[in-house]
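Hi there,

Here is the structure I promised to pass along. Have a look first, and then read on for what I found in it.

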Amino acid sequence: MKHMEAKAEDCGPIYHLVQETIKTVYPKYYPAEVVDFFSSLHSPDNIGQDIGNQAVHLFYEGDVLIGTGTCKEDHITRVFVLPTYQGRGYGGQIMQYLEEIVFRKYDKVCLDASLPACQFYERRGYVTVRHETWNCENDVVLVYGIMEKIRNR
């Protein structure tokens, strides 16, 4: 798997990768209102802003963009692997790469964990430090975990 920093022209492909993953995976865990929230959260504008801040990383298998992840200071966000490539170890490789970036400057990594990802992060040494909520449409409430990993844990 090769990796590189995203450029402005990568915004569209990243957006499509993220949206495909959300629309394929998240309905198994969440009601439609939460799926819609996640879809809107990862908008082209938000992705483009992170690309402009040199925070977005791309991961390829051959010529196929299979994953992405974003580092903002000590926070890892927007980690997605195409559904057809999930379960093959790519998510772990992406996280290892992003964690190394964060640990160059910080002693801990923070992330917001969606329900489908909590166990994955726990296996990587993350612990839940608290839960947060977000009010979605139709009085649907999203509960998600705030997780941290301390260097050398």
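This is a predicted model: local features need pLDDT of at least 70, side-chain atom pairs count only at pLDDT 80 or more; totals for chains, interfaces and linings use all residues.

Strand 6, residues 127–135, runs antiparallel to strand 7, and eight bridges link the two. Together they make a hairpin in which five residues separate the strands, and N138 in the turn has a positive phi of about 60 degrees.

Strand 7 itself spans residues 141–150, and seven of those ten residues are buried, so the strand counts as mostly covered. Strand 7 also pairs with strand 5 (residues 108–113), again in the antiparallel sense, this time over six bridges. K108 is found opposite I150 of strand 7 there.

Stepping back to the whole sheet: it is open, has seven strands in the order 1-2-3-4-5-7-6, and mixes its pairing. Its edges are strand 1 (2–5) and strand 6, each of which pairs on one side only. From one strand to the next, the twist averages 25 degrees. The parallel kind turns up between strand 4 (residues 75–81) and strand 5, which are joined by two bridges. I76 has L111 of strand 5 as its bridge partner.

Now for the helices. Helix 1 (residues 11–25) packs on the sheet and touches strand 2 (56–61), strand 3 (64–72) and strand 4, with its direction at about 95 degrees to that of strand 3. Helix 4, residues 90–103, lies across strands 1, 2, 3, 4, 5 and 7 and runs at about 160 degrees to strand 4.

What about the interior? The largest nonpolar core has 49 residues, and I76 and Y121 have the most contacts inside it. Helix 4 gives the most to this core, contributing eight residues. In soluble globular proteins, nonpolar side chains tend to be buried together.

Leaving aside residues up to four places away in sequence, Y121 touches V79, M95, L111, A113, Y126 and M147.

How values were computed:
Residues are numbered from 1 along each chain as its sequence is written. Side-chain values use heavy atoms; hydrogens and water are left out. Buried means under 20% relative accessible area, exposed over 50%, partly exposed in between (1.4 Å probe, protein chains only). Helices (H or I, at least four residues) and strands (E, at least two) are DSSP runs, numbered from the N terminus. Two strands pair if DSSP finds at least two bridges between them. Axes are lines fitted to C-alpha atoms, for helices over the stretch in contact, and angles run from 0 to 180 degrees between N-to-C directions. Contact means heavy atoms within 4.5 Å. A nonpolar core is a set of buried Ala, Val, Leu, Ile, Met, Phe, Trp, Tyr and Cys residues joined through side-chain atoms within 4.5 Å.
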